[in-house]
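Work through the exercises below with the sequence and the structure open. Try each task before reading its solution.

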Amino acid sequence: MSVRERVGPASDLLPESGVDAVYAALATLLALVLVAPLAWLVVDASTLGGEAVDFLVASETVAVLVRSVALVAVVTAGGIAIGVPLAVLTVQASIPFRRFWTVLVALPLAVPSYLGAFAALSAFGPTGPLSEALGVPLPAVEGFVGASVVLTLYTYPYVFLTTRASLLSLDASLVEAARTLNCGRLAAFRRVTLPQILPGIAAGALLVALYTLADFGTPNFMNLEVYTQFIYSRHKAHMGGYAALLSLQLIAVTGVILAAESAIGADDSGAYASRGNRGAAELDLGAWRYPAMVLPALVALAALVLPVGIFAFWLLRGGPGYEFARLTFSWAYGWNSVKVSLMAAVASILVALPIALRSATANSKLSSLTARIPYVGYATPGIVLAIALVSFSLDLAPELLYKSVPLLVFAYVVRFMPQAIGSIQASTMQVDGRLVEAARTLGRSRFGAFRAVTFPLIVPGIVTGAALVFLTSMKELPATLLLRPLGFDTLVTFIWRAEEAGMYGQAAVPAFVLVVVSGLSMAVLLAQEDDG
């Protein structure tokens with residue numbers, strides 16, 4: 001039975017009868033409203049006139065473009081180099097404690113990369129705590145190399161998780177057949193396993209590339225000027241047209257990355273083709289099973305133990321800045337983070353529900369397009385969206401919207417609401433249409449059937465979507481910096497101020513809070529895997 005047959009016709013799941021056209025129009029309107037402010041970038045960039053081309057081909061702009069693309073390429077390659085072997089080790093290899101290593105090497109995804117950069121920047125260097133502990137002056141970790149290492153350590157889990165999912169879906173009989181044809185382990189992996197899991201690797205690599213291109217905090221902390229910093233500096237210098245033009249160029253680069261991934265992942269006819277013996281073939285490492293644990297251990301040490309240790313060092317022994325009183329952490333900043341993130345989660349669910357329900361239950365090109373439009377905001381870097389919303393608010397209603405909490409919440413919704421759409425859509429597509437039909441035959445109205453049958457069944461998807469939006473909103477840096485009201489500090493903006501002032505010790509508490517709260521997102525992902 002197909003998915004459409006399971007969920008039944010669209011009219012059975014929609015909460016109102018006779019308003020299908022209105023409901024479709026509402027879902028489409030909501031999707032368009034989410035991405036409409038990006039049009040202000042075009043308006044602002046058009047003010048440059050003929051100078052636009054000169055700005056784009058200027059040596060400074062080209063240098064930043066090359067540097068940004070190079071960073072994306074290096075980090076993506078590094079993510080693949082780490083993520084794929086770790087996925088093979090935790091799925092196929094006979095290493096001890098595979099479940100433990102799986103959880104441990106996935107956890108860096110829960111740590112905001114700018115916190116890892118913050119920790120690395122303060123830990124290394126001639127006067128850093130590591131140099132003091134070892135008695136040997138260590139070089140500072142910054143620049144292109146530092147940003148590449150830190151971003152790789154906190155983005156490889158994207159490749160790890162998607163590749164792991166592909167390996168878990170692999171038909172072991174195909175690998176066994178290759179082995180019986182005298183293929184060695186490496187040859188069997190190259191000729192059979194790799195083509196099967198390539199779409200998963202490509203999907204993870206896409207996420208790494210998009211994250212790296214859009215990241216704002218890590219390159220800034222590492223003193224590396226890439227596109228996001230370049231745009232931010234032009235915006236702060238009141239060069240609005242130039243910042244808008246660069247933002248459009250960054251969106252274009254994002255489009256190129258999406259097209260490249262689509263081309264790689266398009267030919268997936270060989271992937272998951274068989275429905276035989278599921279589960280990747282066991283890889284017996286023999287005596288090498290213990291040395292093989294060195295790789296996940298080293299990765300966890302660098303990505304988890306080091307930053308947590310540095311945060312603990314700041315918290316217990318103090319750090320630069322504790323002797324000054326000009327920057328003091330307040331728990332009100334934590335409440336501000338929770339408040340706006342909760343508002344974003346609730347708003348995202350309210351907007352996502354009609355879009356997700358329409359997409360899951362109506363088999364039409366319009367419903368599919370309506371569900372895809374919000375992903376434009378998800379793929380748009382936070383700094384670009386923030387600049388678009390600044391321009392939008394100044395032109396439309398500066399006294400009402402500019403530097404306001406509603407505008408900040410709207411930015412979070414645009415950026416992260418697709419997470420809620422995906423979660424609700426997946427839950428809705430699992431609803432058995434026969435249950436709805438049974439409720440209808442018992443005299444329930446369509447709204448009554450929706451409330452009594454459909455809604456309770458999709459509540460887990462709604463809760464998961466809300467949790468993901470909440471947690472990612474808590475970590476968002478560039479949009480919060482540019483759109484927050486004056487005097488409205490959050491955990492991430494306080495950490496930003498502490499880094500700018502070189503007062504690392506003051507960031508210990510908010511850094512710990514962010515790590516703990518962000519870790520809940522990893523619990524959601526692992527719970528989903530356990531349920532599947």
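**Exercise 1: one residue and its surroundings**

Phe-512 lies in helix H27 (residues 508-531). Helices (H or I, at least four residues) and strands (E, at least two) are DSSP runs, numbered from the N terminus. The model is predicted: local features need pLDDT of at least 70 and side-chain atom pairs count only at pLDDT 80 or more, while totals for chains, interfaces and linings use all residues. Residues are numbered from 1 along each chain as its sequence is written, and side-chain values use heavy atoms, with hydrogens and water left out.

Solution. 
- Step 1. Take the classes: buried means under 20% relative accessible area, exposed over 50%, and partly exposed in between (1.4 Å probe, protein chains only).
- Step 2. Val-308 is 204 residues from Phe-512 along the chain, yet their C-alpha atoms are separated by 7.8 Å.

**Exercise 2: two loop residues**

Task: find where Asn-223 and His-238 are located, and decide whether each is buried or exposed.

Solution. 
- Step 1. Asn-223 sits in the loop between helix H13 (217-221) and H14. Its relative accessibility is 58%, so Asn-223 counts as exposed.
- Step 2. His-238 sits in the loop between H14 and helix H15 (240-266). With a relative accessible area of 75%, His-238 is exposed.
- Step 3. Check the backbone: phi is near 55 degrees for Asn-223, a positive value in a residue other than glycine. For His-238, also not glycine, phi is positive too, near 60 degrees.

**Exercise 3: a helix crossing**

Task: describe how helix H4 (residues 39-46) and helix H20 (residues 382-396) cross, and sort the residues of their contact by class.

Solution. 
- Step 1. The two axes come within 8 Å and cross at roughly 75 degrees. Axes are lines fitted to C-alpha atoms, for helices over the stretch in contact, and angles run from 0 to 180 degrees between N-to-C directions.
- Step 2. H4 is therefore roughly perpendicular to H20 (angles under 35 degrees count as roughly parallel, over 145 as roughly antiparallel, 65 to 115 as roughly perpendicular and the rest as oblique).
- Step 3. H4 contributes Trp-40, Leu-41 and Asp-44, and H20 contributes Val-384, Ile-387, Ala-388, Ser-391, Phe-392 and Asp-395.
- Step 4. The contact of H4 with H20 has six nonpolar, one polar and two charged residues. Ala, Val, Leu, Ile, Met, Phe, Trp, Tyr, Cys and Pro count as nonpolar, Asp, Glu, Lys and Arg as charged, and the others, Gly among them, as polar.

**Exercise 4: the nonpolar core**

Task: find which residues have the most contacts inside the largest nonpolar core.

Solution. 
- Step 1. A nonpolar core is a set of buried Ala, Val, Leu, Ile, Met, Phe, Trp, Tyr and Cys residues joined through side-chain atoms within 4.5 Å.
- Step 2. The largest has 142 residues, and Leu-115, Ile-231 and Leu-483 have the most contacts inside it.
- Step 3. Helix H22 (residues 405-428) gives the most to this core, with 13 residues.

Definitions and conventions: Contact means heavy atoms within 4.5 Å.
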